[in-house]
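Good morning, colleagues. Please have the sequence and the model in view.

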Amino acid sequence: MLSDILIIILVAALTFIFVKFICQKRKERAVLSAHSKYIEHIENIRTHLVKRIKALEDTVESLSYSNNELTQTDKTKSKFMSMVAHDLRQPLTSIQGYASLLESSAQNPEDKQILTNILNASDNMNHLMRDLSDAAMLKSGNIKLEPSKFVINDLIDQIYNQYAIIAQKRKVVFRKVDYPIEVTVTADRFRISQVLSNLINNALKFTPEKGVVELRLLKEENHIVIFVSDSGAGLVHLERVKIFEKFQQSEALAEELRKLGWGLGLSIARDIIEAHNGVIDADSAGLGKGSVFWFAIPIEFKAVIRVNTK
């Protein structure tokens, strides 16, 4: 009886040990299988990553090549623009000279008008060539500012007097708000004159008969702000964002007026003002509600300024 019990206990113990051994082996096989699958998964991920990295490297190389091509094309375009502007100036000057000579001696009113039209067209072409040349030089960084001290009020008066005659012909009210104190600035007088002339010319283009264009100077702590406001076509918000980009013209500009320009004037103005460490911008309440173009430059050349644009 006792021996039977011992046999049963022994068999149970051996069965327990065997079952435990089998379970341990299964566990080990499961762990090995899981490990193998994990290693295989990691290897697949690594292979996939290597392929993706290679694809990205190829894309970067392709983009780098495309970027180099675009850079070279951009340089070629700027050089071409500069060459075209330079090569066309000489024949235009000759046309202007001969047309001016013929106009002064013309007796027939019809002939005189034709020659006047030729002079006006050649003047416009010269203006376009100048914009093209300036855009090319600003793009390449070859344009050099020539700062000097001058009274900004005098420059404003001079430009106002030039455009007052044009405004009168267009039947637009052109007025200037005088600043009570003379303000001396250090800047490139010619380039600031170019910017201001461009803003006034645009304002007169956009403003209908009996409309108003106003020129105003304001002095802040360490900079001046010049405003050119008009009661003309105005701007939509999207135009306000892109109007200072190259070859951009307002949708509100009549088709015949679009043909008179490249859409470079405001882009050149922005480059000139930014070269002075200045700011240029435009505000408008919307189409048909006029606009205000303004720029700010430091009183001392290239000083840092802070402008409240609100």
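This is a predicted model: local features need pLDDT of at least 70, side-chain atom pairs count only at pLDDT 80 or more; totals for chains, interfaces and linings use all residues.

Let me begin with the aromatic pairs. How many are counted here? The count comes to one aromatic pair. Its members are tyrosine 160 and phenylalanine 174, whose ring centres lie 4.7 Å apart with the planes at 40 degrees, so the pair is tilted; a stacked pair would need planes under 30 degrees apart, and an edge-to-face pair over 60. Tyrosine 160 belongs to helix 3, residues 152–169, and phenylalanine 174 to strand 2, residues 173–177, so the pair ties together parts that are 14 residues apart in sequence. Both tyrosine 160 and phenylalanine 174 are buried.

The charged end of lysine 176 sits over the tyrosine ring, 5.4 Å from its centre. An arrangement of this kind also involves phenylalanine 150: arginine 189 lies over its face, at 5.6 Å from the ring centre.

I turn now to phenylalanine 293, in strand 7, which covers residues 291–298. Is this residue buried or exposed? Phenylalanine 293 has a relative accessible area of 12% and is buried, the cut-off for that term being under 20%. Which residues does phenylalanine 293 contact, leaving aside its neighbours within four places in sequence? They are Leu199, Ile226, Phe227, Val228, Leu235, Ile243, Phe244, Leu266, Asp281 and Ala282. For one of these, aspartate 281, the C-alpha atom is separated from that of phenylalanine 293 by 6.0 Å, although the two residues are twelve apart along the chain.

Another of those contacts, Leu266, leads us to helix 7, where Leu266 is one of the buried residues. Helix 7 runs from residue 265 to 275, and eight of its eleven residues are buried, so the helix is largely enclosed by the rest of the structure. Besides Leu266, the buried residues are Gly265, Ser267, Ile268, Ala269, Asp271, Ile272 and Ile273. Just after this helix, asparagine 277 adopts a positive phi of about 65 degrees.

Tyr38, Ile39, Ile42, Ile45, Leu49 and Ile53 make a nonpolar surface patch of about 550 Å². Of these residues, let us take isoleucine 39, which is found in helix 1, residues 2–105. Isoleucine 39 is partly exposed, with a relative accessible area of 45%.

Thank you for your attention.

Note on methods
Residues are numbered from 1 along each chain as its sequence is written. Side-chain values use heavy atoms; hydrogens and water are left out. Buried means under 20% relative accessible area, exposed over 50%, partly exposed in between (1.4 Å probe, protein chains only). Helices (H or I, at least four residues) and strands (E, at least two) are DSSP runs, numbered from the N terminus. Contact means heavy atoms within 4.5 Å. Rings of Phe, Tyr and Trp (its six-membered ring) pair if their centres lie within 6.5 Å; planes under 30 degrees apart count as stacked, over 60 as edge-to-face and the rest as tilted. A charge sits over a ring if NZ of Lys or CZ of Arg is within 6 Å of the ring centre and within 35 degrees of the ring normal. Patches are made of residues with over 30% relative accessible area and no salt bridge: like charges are joined within 9 Å, nonpolar side chains (Val, Leu, Ile, Met, Phe, Trp, Tyr) within 5 Å. Accessible areas come from the Shrake-Rupley method with a 1.4 Å probe; for residues, only the protein chains shown count as cover. A salt bridge is a side-chain nitrogen of Lys or Arg within 4 Å of a carboxyl oxygen of Asp or Glu.
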